Amino acid sequence: MKIKWVSMAAAAIIFLSFVLLLFFSHRQDIFTTRTMIPYNTGWTYCYGEESGTATLPDRLDVPKDTEVVLENRLPEDLRDDSGIVFRTRMQYVRVYVEDRLVYQFPEQELIGGKITSAWNFVRLSEADSGKEVRICLISPYSRFSGSIGAVRYGAYDNLVTGMISAHVKNFRLSFLIGIMGVIMLLVSLISRRHRLFGWQGNFGILLMMTAFWLAGESRLPSGIIGLEAWHYFSLAALLFCPAFLMAYLYARWREICGRVTAALFLAFLAAGGAGILSEAAGGPDLIEVLPAIQLMAGAALGYTLVLYILAARKKKERF
């Protein structure tokens with residue numbers, strides 16, 4: 001017993017020392033994000049009968065399926081390796097320099113025929129210096145229509161590496177959670193004959209679904225993983241997370257509100273299946289039912305809190 005506590009204390013000290021070093025240690029300047037220059041002032045907008053000036057990021061009261069056009073004058077110091085970058089959420093994008101189309105998203109029809117979120121990296125040249133740039137945005141979703149993110153300009157390669165360095169931390173967190181889930185699932189499979197408590201497999205699946213959702217929300221540029229994979233897997237993971245959470249709670253605390261937990265598991269699983277069928281059949285898609293998905297997730301977390309309070313009040317050694 002003494003060896004156990006000493007080893008746990010030593011591991012905790014080593015881990016805490018590493019965490020402190022993360023905050024205070026010096027890092028190499030690999031990505032040179034200093035060269036990304038804000039380009040958020042001087043914009044004008046127009047849609048329908050409305051027009052005005054905007055400082056980005058901004059949210060305009062634009063009806064869905066209505067195009068909003070943003071105009072500005074490009075900086076005078078552009079070079080042949082220059083560019084601008086901005087993020088859009090569920091919006092079709094076209095970018096013009098004068099009357100020349102220099103960028104559009106998507107360039108080809110996406111799987112499922114639905115628009116996704118994306119980083120828009122627009123290449124520019126020295127010949128574009130001082131010319132008028134127009135960004136045209138249109139969204140089929142009311143909650144994303146008229147939403148305009150910040151714009152930055154600089155060397156194109158630095159824009160790409162800068163965005164990766166800014167968001168890779170969030171992706172790394174999701175990756176670590178996913179690895180933890182895989183390990184828990186493997187522990188459950190390897191020790192299935194011994195079944196210490198029987199909930200490790202459910203916990204591992206819950207962690208992996210959480211990792212999929214967090215990876216989609218990390219906003220990492222999708223140079224390796226396709227846009228549709230980010231979009232559908234993160235939404236589906238969030239959709240089914242309440243069901244997987246109930247499965248874990250049932251395995252972990254079956255003796256506490258077991259029937260209620262089992263009923264909620266079936267209800268959340270049915271709701272997730274209905275969401276997928278609606279997406280596949282051309283009904284309301286996962287973006288349109290996103291408020292309901294968020295409500296399900298909130299209800300599942302609230303029930304989890306209540307269940308753990310009840311478990312703690314029982315004062316069992318197993319807790």
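Predicted model: local features only at pLDDT ≥ 70, side-chain atom pairs only at ≥ 80, totals over all residues.
Local features were kept only at pLDDT of at least 70 and side-chain atom pairs only at pLDDT 80 or more, while totals for chains, interfaces and linings use all residues. Residues are numbered from 1 along each chain as its sequence is written, and side-chain values use heavy atoms, with hydrogens and water left out.

Start with the helices (DSSP runs of H or I, at least four residues, numbered from the N terminus, just as strands are E runs of at least two). Helix 3 (residues 200–217) packs against helix 4 (residues 227–252) at about 155 degrees, and their axes sit 8 Å apart. Here axes are lines fitted to C-alpha atoms, for helices over the stretch in contact, with angles running from 0 to 180 degrees between N-to-C directions. That makes helix 3 roughly antiparallel to helix 4 (the label goes to angles over 145 degrees). The contact, meaning heavy atoms within 4.5 Å, brings together residues of helix 3 including F203, L206, F212 and W213 with residues of helix 4 including W230, F233, F244 and Y248. By class, the contact of helix 3 with helix 4 counts 17 nonpolar, 4 polar and no charged residues; Ala, Val, Leu, Ile, Met, Phe, Trp, Tyr, Cys and Pro go down as nonpolar, Asp, Glu, Lys and Arg as charged, and the others, Gly among them, as polar.

In the loop between helix 3 and helix 4 lies R219, a residue other than glycine with a positive phi near 65 degrees. R219 is partly exposed, at a relative accessible area of 39% (buried is under 20%, exposed over 50%, partly exposed in between, with a 1.4 Å probe and protein chains only). M90 also has a positive phi, about 55 degrees, without being a glycine. M90 sits in the loop between strand 6 and strand 7 (92–97), and counts as buried at 5% relative accessibility.

As for the sheet, 4 strands make an open, antiparallel arrangement in the order 1-12-6-9, where pairing takes at least two DSSP bridges between two strands. Strand 1 (37–38) and strand 9 (118–123) are at the edges with a single partner strand each, so one side of each has no neighbour in the sheet. Strand 1 is joined to strand 12 (residues 152–155) by 2 bridges, and P38 has R152 as its bridge partner in strand 12. Helix 2 (residues 156–190) lies across strand 6 (82–88), strand 9 and strand 12, at about 120 degrees to strand 12.

P57 is in the loop between strand 3 (50–54) and strand 4 (58–59), and P106 in the loop between strand 8 (100–105) and strand 9.

Conventions. Parallel < 35°, antiparallel > 145°, perpendicular 65-115°, else oblique.
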